[in-house]
Protein chains: 2
Amino acid sequence: MNSVINLEKKFAKFSEHWSPKVIAEMNDYQFKLVKFQGDFVWHSHPDTDEVFLVLEGEMKIEFQDRLVIVKAGELFVIPRGLEHCTRAAEECQAMLIEPRGVVNTGASTSELTATNDVWI
Amino acid sequence: MNSVINLEKKFAKFSEHWSPKVIAEMNDYQFKLVKFQGDFVWHSHPDTDEVFLVLEGEMKIEFQDRLVIVKAGELFVIPRGLEHCTRAAEECQAMLIEPRGVVNTGASTSELTATNDVWI
């Protein structure tokens, strides 16, 4: 039987940035927690939308023609296939929701490409 | 282009209980906000898991053999096909994540069956 998942306790289990940790699965979708600060890399996910729910701090999502600021208590759906780059001046904590198997750097590979499907 | 979705502002747009409102879509999944108090009806969703993220207050989820308490900042995955009944002594505010088309009372129908796919 599934357990109740406390987000704060799960966030306390890791400190590294740009390395999403899986906390739950719903059908073939995963819920992941991530901490980050600084600039990520430009990338896209050709096959899926991706949702960020910011839980602490704020993030910027840069698109080719637009800059979006998502603060704690706010949610944003990044449309499939759209090139974007995430940033945070101060550490930001967020929950990501996306299909199982999605890699953080999407179709790109870089030193920020995280090991996928790491559960905490 | 998608908008940033502020959960608190969306919750302020409705007051009725047991009537999930859609705030976002990711692929064929929907994010819904719901307020509730009192007892729901026993039901199950034969074809899908269902996620509750409690944002304010606390909810009880009763299963045939177990009672689960989910508090603010906690998430729970209700497995597909499992009969359950949700309750809240005081008003609880939660986000539901599930595939588009899922009805709140699942395979059952009752006076608590809400109109589906209502966006706010």
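Let me begin with a convention: a residue is called buried if 20 or more other C-beta atoms lie within 10 Å of its own, exposed if 12 or fewer do, and partly exposed in between, with the C-beta atoms placed from the backbone. By that count Trp18(A) is buried, because 20 other C-beta atoms lie within 10 Å. What we are looking at is a predicted model, in which local features need pLDDT of at least 70 and side-chain atom pairs count only at pLDDT 80 or more, while totals for chains, interfaces and linings use all residues. Residues are numbered from 1 along each chain as its sequence is written, and chains are lettered from A and ligands numbered from 1 in the order in which they are written.

Staying with Trp18(A) for a moment, this residue sits in the loop between α1 and β2 of chain A, and although it is not a glycine, its phi is positive, at about 60 degrees. When I name helices and strands, I mean DSSP runs numbered from the N terminus, helices being H or I with at least four residues and strands E with at least two.

On that basis chain A has one helix and eight strands, and from the N terminus on the order of its elements is β-α-β-β-β-β-β-β-β. The C-alpha trace of chain A spans about 45 × 30 × 25 Å along its principal axes. The radius of gyration, taken over C-alpha atoms, can be held against a globule rule of 2.2 Å times the number of residues to the power 0.38; for 120 residues a compact globule would come near 14 Å, and the 13 Å of chain A agrees with this. Of the 120 residues of chain A, 32% count as buried.

I will call two residues in contact if their C-beta atoms, placed from the backbone, lie within 7 Å. Among the contacts in chain A between residues at least 6 apart in sequence, 66% join residues at least 24 apart.

Two residues of chain A illustrate this. Gln37(A) belongs to strand β3, residues 29-39, and is partly exposed, because it has 14 C-beta neighbours inside 10 Å. Leaving aside neighbours within four places in sequence, Gln37(A) is in contact with His17(A), Ala88(A), Glu90(A), Glu91(A) and Cys92(A); of these, His17(A) is 20 residues away in sequence and 6.8 Å away in space, C-alpha to C-alpha. Gly57(A), in the loop between β4 (50-56) and β5 (58-63) of chain A, is likewise partly exposed, with 18 C-beta neighbours inside 10 Å. With the same exclusion of residues within four places, the contacts of Gly57(A) include Ala88(A), Glu90(A), Glu91(A) and Cys92(A).

Now to the pair of chains. How does chain A lie on chain B? The superposition, by least squares on the C-alpha atoms of residues with pLDDT of at least 70 in both copies, takes a turn of 180 degrees and a shift of 0.0 Å along the axis, with an RMSD of 0.0 Å. That is the relation of a two-fold axis. The same surface serves both copies, in that 100% of the contact residues of chain A recur in chain B.

The contact takes 25 residues from each side, that is, 25 residues from chain A and 25 residues from chain B. On the chain A side, β7(A) gives the most, with four residues. By class, that side has 16 nonpolar, five polar and four charged residues, where Ala, Val, Leu, Ile, Met, Phe, Trp, Tyr, Cys and Pro count as nonpolar, Asp, Glu, Lys and Arg as charged, and the others, Gly among them, as polar.

Strands pair if DSSP finds at least two bridges between them, and two bridges join β7(A) to strand β1 (residues 5-6) of chain B, the two running antiparallel. Here Glu74(A) has Asn6(B) as its bridge partner in β1(B).

Next comes the core, defined as a set of buried Ala, Val, Leu, Ile, Met, Phe, Trp, Tyr and Cys residues joined through C-beta atoms within 7 Å. The largest nonpolar core has 52 residues, and those touching the most other members are Phe52(A), Leu75(A), Ala94(A), Phe52(B), Leu75(B) and Ala94(B). Not counting residues up to four places away in sequence, Leu75(A) touches Val51(A), Phe52(A) and Leu53(A) as well as Ile5(B), Leu7(B), Ala24(B) and Phe31(B).
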